[in-house]
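Reader: Please take me through this structure, and for each term you use, tell me what it rests on.

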Amino acid sequence: MTCDSVRDMLGAYMDGELDANAEFQLRTHLAECPDCPEAYRRLRFLKDGIRETNLYYAAPKELEASIRTSLGTAKKNEHAAGIGFRQWMAIAASVLVALSIGMGLYVFRRGTTSELVAQQVVSSHVRAMIGTHLIDVPSSDQHTVKPWFNGKLDYSPPVRDLKNEGFALVGGRVDYLNDRRVAALVYERRKHVINVFVWPTTRKAQATKLETLNGYNVVRWADAGMAFWVTSDLNAKELQQFAALLRR
Amino acid sequence: MRETGNLADFEDVILPHLNAAYNLARWLLRRDEDAQDVVHDSFLRAHRYFASFEGGDGRAWLLGIVRNTCMTFLRKKRSFEPLPEFSGQREKSENGSPDPERALLLKENIASLRHCIEALPPEYREVIIMRELEELSYKEIGSVAGVALGTVMSRLNRARKRLEECVANASKGVAQ
């Protein structure tokens, strides 16, 4: 993909409007290109700026009242009967319910960053599995994999082989999620592939959490300023065991 | 088939989207009184044509009516008033160089973001409002504005590009 065609699609990518194939190609480009991530960051910043600035014009109270009056009249003309007090109350109640449901959804959509990340982690795992881009540096040697990230990321992810514990390191790649370039480490356990995503975080440490998304187990934690997101179709027990080994 | 003018259904399906209707009209027309008039008119129309509503998302259906009523209003009002002179504070970043990121962070530049959206042509302004403030999908935006998906995408791209430039210029202290 050329940078020009990527730039035309960055907005749709940000809005989640690309099909899976195009999204995959774009993420691959973002993980490799020196310039496009900056353009994406600017776009993202503008979007967040618009959303976080209070730009929404809510309807004035008197407008609602005047519309209700007009509609009430329209009804009167059609059926030669007004709406009774009870009906008004029912209408007011349903509008209130609708409004509060609307607001609830709004808060919900905004409030769950970690769910969004978990979703991205799983879809990145799935895409890597069905695509051809699971591993950029195939190696079971942590001293090969770790230096490979130099110059590709602005941080150095911790890399450990756990072959003796039954989790063999098979390689790594650079992926793109949570709006940044991240290290993805790939491990295997009895043919089950485990993807470990690592990126810097402001959190010093965070306890291990397990969740299940679309049938994949996701384990996450933070240590020493690095966030770890681990996902696999491996069973929850063994994945947590793997997490404990990595945290050791 | 829905009974024409079923007020109870209309109240349930359409009236909850009053804020969305007003927000779009207010951004397209830029004046409160005009927006109120057009939204009021749109609701009466929506009520009249409610029988043609085939179910689904009441908001997109209503916004389509509001949008068309706004565009008709704008076309009629040929004597298009010039934009009010931008009087928002223009922040310079500390080192004096353009820094849109920092600029956006500053509260003072809320004024410039608002101004920059208002300065967009209506066709660009509406896609930004529908996407960022109403969070409509491209498909829904296309149906409201009566354009193809590709057009939604390219208008959003151009709108965002202009906004980026406008906000960067405002933070540099350069008049538009």
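Reader: What makes β1(A) and β2(A) a pair of strands?

Author: Strands are DSSP runs of E with at least two residues, helices are runs of H or I with at least four, and both are numbered from the N terminus. Two strands pair if DSSP finds at least two bridges between them, and two bridges join β1(A) to strand β2 (residues 168-177) of chain A, so the pair meets that cut-off, with the strands running antiparallel.

Reader: What is the strand order of the open sheet, and why are β1 and β5 of chain A said to stand at the edges?

Author: The order of this sheet of seven strands is β1-β2-β3-β4-β7-β6-β5 (chain A), with antiparallel pairing. β1 (137-138) and β5 (205-213) of chain A each have a single partner strand, so one side of each is left without a neighbour in the sheet.

Reader: How do you know that helix α8 of chain A packs on the sheet?

Author: Two residues are in contact if their C-beta atoms, placed from the backbone, lie within 7 Å. Helix α8 (residues 236-247) of chain A touches β3 (180-189), β4 (192-200), β5, β6 (216-223) and β7 (226-232) of chain A, and its direction makes about 20° with that of β6(A). For that angle, axes are lines fitted to C-alpha atoms, for helices over the stretch in contact, and angles run from 0 to 180 degrees between N-to-C directions.

Reader: Why is β3(A) called largely enclosed, and which strands does β3(A) join?

Author: A residue is buried if 20 or more other C-beta atoms lie within 10 Å of its own, exposed if 12 or fewer, and partly exposed in between, with C-beta atoms placed from the backbone. Seven of the ten residues of β3(A) are buried, so this strand is largely enclosed by the rest of the structure. Nine bridges join β2(A) to β3(A), with L169(A) opposite Y187(A), and seven join β3(A) to β4(A), where A184(A) has F197(A) as its bridge partner. In the hairpin of β2(A) and β3(A), two residues lie between the strands and N178(A) takes a positive phi near 50°; the hairpin of β3(A) and β4(A) also has two residues between its strands, and R190(A) in the turn has a positive phi of about 45°.

Reader: How do you know that the length of helix α3 of chain B agrees with expectation?

Author: The expected span of a helix is 1.5 Å times one less than its number of residues. For the 17 residues of helix α3 (residues 32-48) of chain B this gives 24 Å, and the end C-alpha atoms are 24 Å apart, so the two agree. Helix α4 (residues 58-76) of chain B, with 19 residues, reaches 27 Å, close to the 27 Å expected. Buried residues of α3(B) include A35(B), V38(B) and V39(B), and those of α4(B) include V66(B) and C70(B).

Reader: What makes a set of residues the largest nonpolar core, and which have the most contacts inside it?

Author: A nonpolar core is a set of buried Ala, Val, Leu, Ile, Met, Phe, Trp, Tyr and Cys residues joined through C-beta atoms within 7 Å. The largest has 95 residues, and A21(B), L24(B) and A25(B) have the most contacts inside it. The largest share of this core, nine residues, comes from α2(B). Beyond its neighbours within four places in sequence, A25(B) is in contact with A35(B), V38(B), V39(B), V66(B) and C70(B).

Reader: What are the confidence values, and where does pLDDT stay under 50 in chain B?

Author: pLDDT is the predictor's confidence in each residue, from 0 to 100. Chain B averages 81, with 73% of the residues scoring at least 70. Its pLDDT is below 50 over residues 82-98, a stretch with 25 contacts beyond near neighbours in sequence, and also under 50 over residues 1-5, which have seven contacts beyond four places in sequence. Where pLDDT is low, the predicted coordinates should not be read in detail. The mean for chain A is 83, and the model scores ipTM 0.79 and pTM 0.59.

Note on methods: Residues are numbered from 1 along each chain as its sequence is written. Chains are lettered from A and ligands numbered from 1 in the order in which they are written. This is a predicted model: local features need pLDDT of at least 70, side-chain atom pairs count only at pLDDT 80 or more; totals for chains, interfaces and linings use all residues.
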